Amino acid sequence: MSDHIAKAFDVDLHDLNRMVAEMGGLAEKEISDSVQALVRRDSDLARKVIATDPTIDALQLEIEEKSTLTIARRQPMAVDLREIVGALRVANDLERIGDLAKNIAKRVLATASEEFPSQKLIRGLEHMTSLVLSRLKQVLDAYAARDLASALVVWKSDDEIDAMCTSLFRELFTYMLEDPRNITFCIHLMFCAKNIERMGDHATNIAETVHYMIEGHPITGPRPKGDTTTFEMAPARG
Amino acid sequence: MDALVDTERNLTAAAASQVKVVARNVNVHYGDKHALKDVSIDIPANAVTAFIGPSGCGKSTFLRCINRMNDTIPIARVTGAIEIDGQDIYDRRLDVVQLRARVGMVFQKPNPFPKSVYENVAYGPRIHGMAGNKADLDEVVIGSLKRAGLFEEVKDRLNDPGTGLSGGQQQRLCIARAIAVGPEVILMDEPCSALDPIATAKIEELMDELRENFTIVIVTHSMQQAARVSQRTAFFHLGVLVEEGPTEKIFTTPQDRRTQDYITGRFG
Ligand SMILES: Nc1ncnc2c1ncn2[C@@H]1O[C@H](COP(=O)(O)OP(=O)(O)OP(=O)(O)O)[C@@H](O)[C@H]1O
Ligand SMILES: [Mg+2]
């Protein structure tokens, strides 16, 4: 990455990496805070998550500006061009992760008076979240270290989260059938679970980007898929 | 029936990637200096091939081998083989003047003759006896100026001196002069390095049109220019042809570390 004859180019690329790392840190925090707010029924924390989202958006914008400027100024080739395209793509995934966390936080506010039907459900959500978080952390480290092997580990493990999401869905259905008064809250929880699963998909995207940056071509072969919940996202109210 | 179809397909494929110039183990010495080392390459017809590489790596030296311009340098010694359409161009019986009509050259600095615009272009066809009368010659001159994208700009001053044109116009005049003798191959050694971006864009556009009928080889120091105009790119370093292939491959995923370092600006 470093050792260009034009040192200022190294500085540009270094700045881009730093901004992506900063965004990554924020996105990780948004994930854990949003789910914490959900399981603890904590409206203040939910509002904090919502308030942090514009910072992530602003960082993405900054990365886009820096990238276009660097492309215009340096006309990068080969690995250098992929560095910049990679930063743009990772920033895009992180911004989406921020949106998904914000969406969970909004559902926390919309369902403030509701209680969880079971502890098991909470543990399920927390478990899934910690898995997504560890994958995101690993892939962001792989991005920073340009570690292809580590990125591929993340890429191959997406089906685990998908399977957890499917099992959470089954459980939620049971509660809805048991007592119709559970239905509204359970549907919100389904969306939250789906949001967490989507965050995992973005981690997979980042793994693909790391592969592209290092190898210069996309990963071939289908994505591992353990998810059977085809569930389109509806915007949260509030 | 099937066999016939197959044969046709093979012929088409061969025509599409027809090789115009073949170089094998070309070495050039200037006195004691070994400037070009064992260069072998196939240059396809109807395509633009770009030669890139750091200053002094031998790009111009190799370009000059293709029309035997190195013959004019007393200390230069060329070995190896170069064929155009299967014909050995270093064959003793070959007429070098004829060869240079088949292989035209455009230089870094536009170098029009100190004559009129018209005479600059008419000179070649005249000495090669390619135009029987004034009407034929007019046709060749105007046709060449048109193909070089210059005619509209100079049609009212065909009798003014060529040296009075702008740099970009002079370069297109030199291209018109090169194509007037009906060459098959056009060699260009940094043809745009003295031109502004607009004049450069015009020459690049021209190359793209000319490649339909000619085989073009261009030496350029601009990676972006090579990426824009060429279909194949060859990277030279210290007299060695390091890597050669489809342009998009060389500029996105080069195989050799030296190529990568050069195109990304990492050479010390
Ligand atoms: N007429 C000559 N006499 C002696 N040495 C020469 C001559 N022409 C070139 N050389 C040497 O041969 C080597 C290759 O030169 P050449 O001009 O082919 O390089 P190049 O790749 O075209 O460089 P540039 O990008 O600067 O034009 C250089 O070391 C140069 O000094
Ligand atoms: Mg040269």
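V117(B) is found in helix α4 of chain B, helices being DSSP runs of H or I with at least four residues, strands being E runs of at least two, both numbered from the N terminus. At 0% relative accessibility, V117(B) counts as buried, a label for anything under 20% relative accessible area, with exposed meaning over 50% and partly exposed in between (1.4 Å probe, protein chains only). The model is a predicted one, so to speak of a local feature takes pLDDT of at least 70 and side-chain atom pairs count only at pLDDT 80 or more, while totals for chains, interfaces and linings use all residues; side-chain values rest on heavy atoms, with hydrogens and water left out.

A polar backbone atom of G58(B) sits 3.0 Å from an oxygen atom of the ligand. For K59(B), an N or O atom in the side chain is 2.7 Å from an oxygen atom of ligand 1, and a polar side-chain atom of S60(B) also lies 2.7 Å from an oxygen atom of ligand 1. Taken alone, ligand 1 exposes 630 Å², and the protein buries 68% of that; these areas come from the Shrake-Rupley method with a 1.4 Å probe, and for residues only the protein chains shown count as cover.

Rolling a probe the size of a water molecule over the atoms shows where empty space is left. The largest pocket has a volume of about 450 Å³. A pocket is an open set of points on a 1 Å grid over the protein atoms alone, with protein on both sides within 12 Å along at least five of seven lines, whereas a cavity is a set of points where a 1.4 Å probe fits but cannot get out; lining residues have an atom within 4 Å of a point. Grid points are joined across faces, edges and corners, and the volume is the space filled by probe spheres set on the points. There are 19 residues lining the largest pocket, and the closest to its centre are R100(B), G104(B), M105(B), F113(B) and R177(B). Chain B gives two or more lining residues from each of α3 (96-102), β6 (103-106), α4 (117-127) and α7 (167-180). The lining divides into 12 nonpolar, 5 polar and 2 charged residues.

Most residues other than glycine have a negative phi, and most peptide bonds are trans. A78(A) is not a glycine, yet has a positive phi of about 45 degrees. A78(A) belongs to helix α3 (residues 78-110) of chain A and is buried, at 2% relative accessibility. D38(B), likewise not a glycine, has a positive phi of about 50 degrees. D38(B) lies in strand β2 of chain B and counts as partly exposed, at 48% relative accessibility.

A91(A) is in helix α3 of chain A and is buried at 1% relative accessibility. A91(A) and G24(A) are 67 residues apart in sequence, with 8.2 Å from C-alpha to C-alpha. E126(A) is part of helix α4 (residues 119-145) of chain A and is partly exposed at 32% relative accessibility. From E126(A) to V39(A), 87 residues apart along the chain, the C-alpha atoms are separated by 8.1 Å. A193(A) has its place in helix α7 (residues 183-215) of chain A and is buried, with a relative accessible area of 1%. A193(A) and R73(A) are 120 residues apart in sequence and 43 Å apart in space, C-alpha to C-alpha.

Technical notes
Residues numbered from 1 in each chain as written. Chains lettered and ligands numbered in written order. Polar contact = N/O pair within 3.5 Å; in protein donor to acceptor, adjacent residues only side chain to side chain. Nonpolar A, V, L, I, M, F, W, Y, C, P; charged D, E, K, R; others polar.
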